[in-house]
Amino acid sequence: MENTQLPVDIAHWLLALLPIVVLLVLLIVLRWRAPEAGPMGMFAGGLIALLFFRTPLETLAVAGAKGVWDAIFILFVVWPALLLYRITEQAGAFDALRHGIQQFSRNQLFLVLAFGWMFASFLQGIAGFGTPIAVVAPLLLAIGVRPVYAVAIPLIGHSWANMFGTLAVGWLATTAVIDIQDPTATAFQTAMLLWIPNLTAGFAIAWLFGRMAAIRHAWPIILIISLVHGGGQLLLTLWNPVLSNFLASTAGLVIAYPISQWRRYSEPAEDIKERYVIEEESEAQEEEQGEPIMGLGMALLPYIILTVTSVIGLAIPAIEEFLSQFEVGLGFPTVETGFGVVNEAENPYSPFAPLTHPGMFLLISSLITWLVYRSKNFYDRFEAEEKGIWSNLVSDAIPSSVAVLSFLVLSQVMNHSGQITVLAQGIAEVAPPVVYAFAANWIGVLGAFMTSSNTASNVLFAPLQQQIAVTEDISEAAIIAAQSTGGAIGNAIAPANVVLGTGTAGIVGREGEVLRKTLPWALGVAVIVGLLTIPLLGLDLF
């Protein structure tokens, strides 16, 4: 958009910021439900585009259609994830899961870290597209975690893995939209900065669990796992960025078992008196329920199937290449605004391969799990509930779908009208090089907040960031690394991701409560990343 006549002034900058402010105020301050706040933000963005950014109705229509198409990517995770949740929950699998895992380890803090940080990171490494949130939130509920925390914890825990996760889809997209002068240095510095949200995620989850007492108890495991996660990814980027996160997050999951045998983490943590994350009634409920209907292995069956099918479908090149041949996409015409913001025709626009989409693996897991549980007669004592699986799925998924659709339509409207560009350029124009280095990751946060995607954030802003780095004569590697890290951090507060979690946790309408847990972490980490980006400007590592 270098040739646009976009007015980058304080009035238009504030107008472009207004839809985001509307969303945050409605969700956090007024505590509206996401299905109500989302459409209001969407209409605010559309009205501002129409009245103040010279955006024709045709451009708004194309932007809205693209937003709906983008939402399909997420909804193809939301609906299958909710289906899997209903199938397992109504068979009694979560009761069995809680009972079996407590025999594996009686340390609740370890279990919360293992699921909310280690397993969520592993799922992001291989599947992504919201899968860690959709899968881990119900698992945390099963071990007695309060619903709001069950959503907030994987949002924080998986964020660091977004850039190089899903077999580095974010990195590959970035290299596709810009010509990076030094890919090795850029990948390495990105991994350096991503280590910050990884390490702080472990401490943040411990803090949510039991404040300083929990941090004192958990610091050894946090340092060990972060060394494997962040340090492993850092070193692996020098060899193969595409596999760096998958291998590091897998190693972090594998090492969880020997750590669980350490007495410090196999027995309850008696020194943590206040447990803010765990339901007070969970232990009493466990005693009342008696023996579960199935064993731990059978309760874990859907997640074993999900992991195996994801690895086979995505990590084996020959199979992934074969499955990804079938793509679905829509064509859209060229549209522009009165300020010269042009969005070129795309045919197809953002195609995706349904056979390698995580939603397909969730569907396969749901089908196989239902068949096995049905053959084992696990639904016999829940016959009435089994008949309600589909009706419960629809009632759970529709509010989440409305929210996701409105958020992503708003994102495309702001992009096509130039509002997002005005926000980013406004920051760049008033910031000298050192200040811009601090602010670069905040632009990435903004992109991920609007799109719920590290990849989309980089596609939107990496060209702008590169252009500013050249203009200001500052390190391209450092600026792109900051942009990418900000995109990862922003996933913890992206409204569409939050709705994905509240939907699978059964608490649609409490998105503001979740954001009040994740927003302080995201803002704090963005400050640290910004400060540590500054020294990278003059650091020549390669």
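Is Arg 106 buried, partly exposed or exposed in this predicted model? With a relative accessible area of 48%, Arg 106 is partly exposed. The close-up views described below begin with the salt bridge of this residue.

**View 1. Salt bridge between Glu 267 and Arg 106.** The side chains of Glu 267 and Arg 106 meet in a salt bridge, with an N to O distance of 2.7 Å. The pair links distant parts of the chain, 161 residues apart. Glu 267 belongs to the loop between helix H12 (263-266) and helix H13 (282-289), whereas Arg 106 belongs to the loop between helix H4 (93-104) and helix H5 (108-126). Glu 267 has a relative accessible area of 28% and is partly exposed.

**View 2. Salt bridge between Glu 346 and Lys 66.** The closest N and O atoms of Glu 346 and Lys 66 are 3.7 Å apart, and the two residues form a salt bridge. Because Glu 346 lies in strand E4 (residues 346-352) and Lys 66 in helix H3 (residues 57-89), the pair ties together parts that are 280 residues apart in sequence. The two partners fall into separate accessibility classes: Glu 346 counts as partly exposed at 33% relative accessibility, while Lys 66 counts as buried at 1%.

View 3. Asn 347 and Pro 348 are joined by a cis peptide bond, for which omega is about 5°.

View 4. At 29% relative accessibility, Trp 79 counts as partly exposed. When its neighbours within four places in sequence are left aside, Trp 79 is in contact with Leu 393, Val 394, Ala 397, Ile 398 and Ser 401. Val 435 is 356 residues from Trp 79 along the chain, and the C-alpha atoms of the two residues are separated by 43 Å.

View 5. Helix H7 (residues 147-159) and helix H25 (residues 511-536) pack with their axes 8 Å apart, at an angle of about 30°. Since the angle is under 35 degrees, H7 is roughly parallel to H25. The crossing in which H7 passes H25 is right-handed. On the H7 side, the contact is made by Val 148, Tyr 149, Val 151, Ala 152, Leu 155, Ile 156 and Ser 159; on the H25 side, by Glu 513, Val 514, Lys 517, Thr 518 and Trp 521. These residues divide into eight nonpolar, two polar and two charged. Glu 513, one of the contact residues of H25, also forms a salt bridge with Arg 510, with the closest N and O atoms 3.0 Å apart. Both partners are partly exposed: Glu 513 has a relative accessible area of 28%, and Arg 510 has one of 33%.

**View 6. Packing of helix H9 with helix H10.** Helix H9 (residues 183-236) packs with helix H10 (residues 241-254) at an angle of about 30°, and the axes are 9 Å apart. H9 and H10 are therefore roughly parallel to each other, and their crossing is right-handed. H9 contributes Ala 187, Ile 225, Val 228, His 229, Gly 232, Gln 233 and Leu 236 to the contact. H10 contributes Pro 241, Ser 244, Asn 245, Leu 247, Ala 248, Ser 249, Ala 251 and Gly 252. By class, the contact has eight nonpolar, seven polar and no charged residues.

View 7. Arg 54 has a positive phi of about 50° although it is not a glycine. Arg 54 is placed in the loop between helix H2 (34-52) and H3, and it counts as exposed at 52% relative accessibility. Asn 377, likewise not a glycine, has a positive phi of about 65°. The loop between helix H17 (358-375) and helix H18 (383-387) holds Asn 377, which counts as partly exposed at 45% relative accessibility.

Notes. Residues are numbered from 1 along each chain as its sequence is written. This is a predicted model: local features need pLDDT of at least 70, side-chain atom pairs count only at pLDDT 80 or more; totals for chains, interfaces and linings use all residues. Side-chain values use heavy atoms; hydrogens and water are left out. Axes are lines fitted to C-alpha atoms, for helices over the stretch in contact, and angles run from 0 to 180 degrees between N-to-C directions. Helices (H or I, at least four residues) and strands (E, at least two) are DSSP runs, numbered from the N terminus. Angles under 35 degrees count as roughly parallel, over 145 as roughly antiparallel, 65 to 115 as roughly perpendicular and the rest as oblique. A crossing is left-handed if the near helix is turned anticlockwise from the far one by less than a right angle, and right-handed if clockwise. Contact means heavy atoms within 4.5 Å. Ala, Val, Leu, Ile, Met, Phe, Trp, Tyr, Cys and Pro count as nonpolar, Asp, Glu, Lys and Arg as charged, and the others, Gly among them, as polar. A salt bridge is a side-chain nitrogen of Lys or Arg within 4 Å of a carboxyl oxygen of Asp or Glu. Buried means under 20% relative accessible area, exposed over 50%, partly exposed in between (1.4 Å probe, protein chains only).
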